[in-house]
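Me: I would like to learn how to read a protein model. Please take me through it one feature at a time.

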Amino acid sequence: MSVAAVIVAAGRGTRLGGPVAKQYRLLAGRSVLAHTIEQALGCAAVDHVIVAIGAEDGPAYAAAVAEIADARLMAPALGGATRADSVRAALEALEDTAPQTVLVHDAARPFATPALWQRVIDAIDDNTGAIAAEAVVDALWREDEQACAETPVPRAGLWRAQTPQAFPFEALLAAHRGEAASDSPPALDDAEVFRRAGHAVRLVEGLSENFKITTAADLARAERMLTPSPADRSAPIPDVRTGHGFDVHRFGPGDHVWLCGVRLPHSARLMGHSDADVGLHALADALYGALAEGDIGTHFPPSDPQWKGAESHQFLSHAAGRVRARGGRIGNVDVTLLCEAPKIGPHAPAMRARLAEILGIDAGRIGLKATTMERMGFIGREEGMGCIANATVILPGTP
């Protein structure tokens, strides 16, 4: 099933004040939008991400996504005058991609976890959408003209809508086109657009931390969640983790190999379900291991034909995105390639530069070296290659 995500970043918002739209405000040193995009990319089921931006936001968007090296992030769509116009523009930009499922998400909700994205995806079918939402637990009152409590409102059966919201792609696009051609009052969200077209929408349990950054207080709360003050004695101690990865691939007929994201001429190629880049595979597994989130096969099953011949930078980019999605950062990585040939030394600078680009870290945090096996074993006989990788990850800890 092909899945696409639409992130709506076309609105300007005024409650935060200042000339910078809330989605481009800095949060823990990076834009709110960058955090939001990486949460979406952290969901392995998402194949494409497109952002609907305002007409004047091209430079701000380019700066916000400059460090995101993931092929699934498409060129942005130009949004319209209303949220519905922006969503429709993004959906139409996805038509050639033809996903079966599409999710719509607010750019200013950076704490929707990949697990929540997956939960909403799993709840839909060909005719039914699903939205993240929270059941109302507080007492509700309707105010009078003097802003005094006038009438209690029963809260049973009431939910607060969140995003992401997931729908069958073709049905949602048709619903938005029908809405644009009607004279109905503006819909509250995509769920209402979808229901007006005659479809049902399931409610999926959301997250209390999946709030929408709207006010200065919201932005301050989000900042505290990601970067507690060092002066706060209750601030969490960083959770420093080390992960280890190992991979091997045999040689087969060919004229080049992919190593650490760089194409090297060679008398054979490495065989595998993907492009068999042992360096990227071992390093991705090291990052997944540091997070205790399985391995490449967990996130990109070899039984899934969509990964046949895939470029391995997608796997490493996803692993790095998972680190960022959990509020962490990569301290350093160290890669050792095991081979008799080709010679790695002349290509090491290009490999380190490519790894830095994929991971979004400085090349000074990347160790890369190679060793032969002194003609011993299958690697020594040049039947294949191997790689050992280690990664240090720093996650937010607990007091």
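Me: What share of the contacts in the protein chain with a separation of 6 or more is between residues 24 or more positions apart?

Reply: First, the ground rules. This is a predicted model, in which local features need pLDDT of at least 70 and side-chain atom pairs count only at pLDDT 80 or more, while totals for chains, interfaces and linings use all residues. Residues are numbered from 1 along each chain as its sequence is written, and side-chain values use heavy atoms, with hydrogens and water left out. Contact means heavy atoms within 4.5 Å. Of the contacts with a separation of 6 or more, 73% join residues 24 or more positions apart.

Me: How many helices and strands does the protein chain have?

Reply: Helices (H or I, at least four residues) and strands (E, at least two) are DSSP runs, numbered from the N terminus. Here the protein chain has twelve helices and 18 strands. Its radius of gyration, taken over C-alpha atoms, is 24 Å, close to the 21 Å that the globule rule gives for 399 residues, so the chain is as compact as a globular protein of that length. The globule rule is 2.2 Å times the number of residues to the power 0.38.

Me: In what order do the seven strands of the open sheet lie?

Reply: Strands of a sheet pair through backbone hydrogen bonds, either parallel or antiparallel. Two strands count as paired if DSSP finds at least two bridges between them. In this sheet the order is 5-4-1-6-10-7-11, with mixed pairing. Strand 5 (77-78) and strand 11 (200-205) are the edge strands, each pairing on one side only. Strand 7 (residues 128-135) runs parallel to strand 11, joined by six bridges.

Me: Which residues of helix 3 are buried?

Reply: An α-helix has 3.6 residues a turn, so residues three or four places apart point the same way. Buried means under 20% relative accessible area (1.4 Å probe, protein chains only). In helix 3 (residues 83-93), the buried residues are Ser-86, Val-87, Arg-88, Ala-90 and Leu-91. Their cover includes strand 1 (3-9), strand 4 (48-53), helix 5 (169-180) and helix 6 (190-196). Over the protein chain, 51% of the 399 residues are buried.

Me: Is His-299 buried or exposed?

Reply: His-299 lies in helix 9 (residues 296-299). With a relative accessible area of 16%, His-299 is buried. Leaving aside neighbours within four places in sequence, His-299 is in contact with Ala-44, Tyr-288, Glu-293 and His-318.

Key:
Buried means under 20% relative accessible area, exposed over 50%, partly exposed in between (1.4 Å probe, protein chains only).
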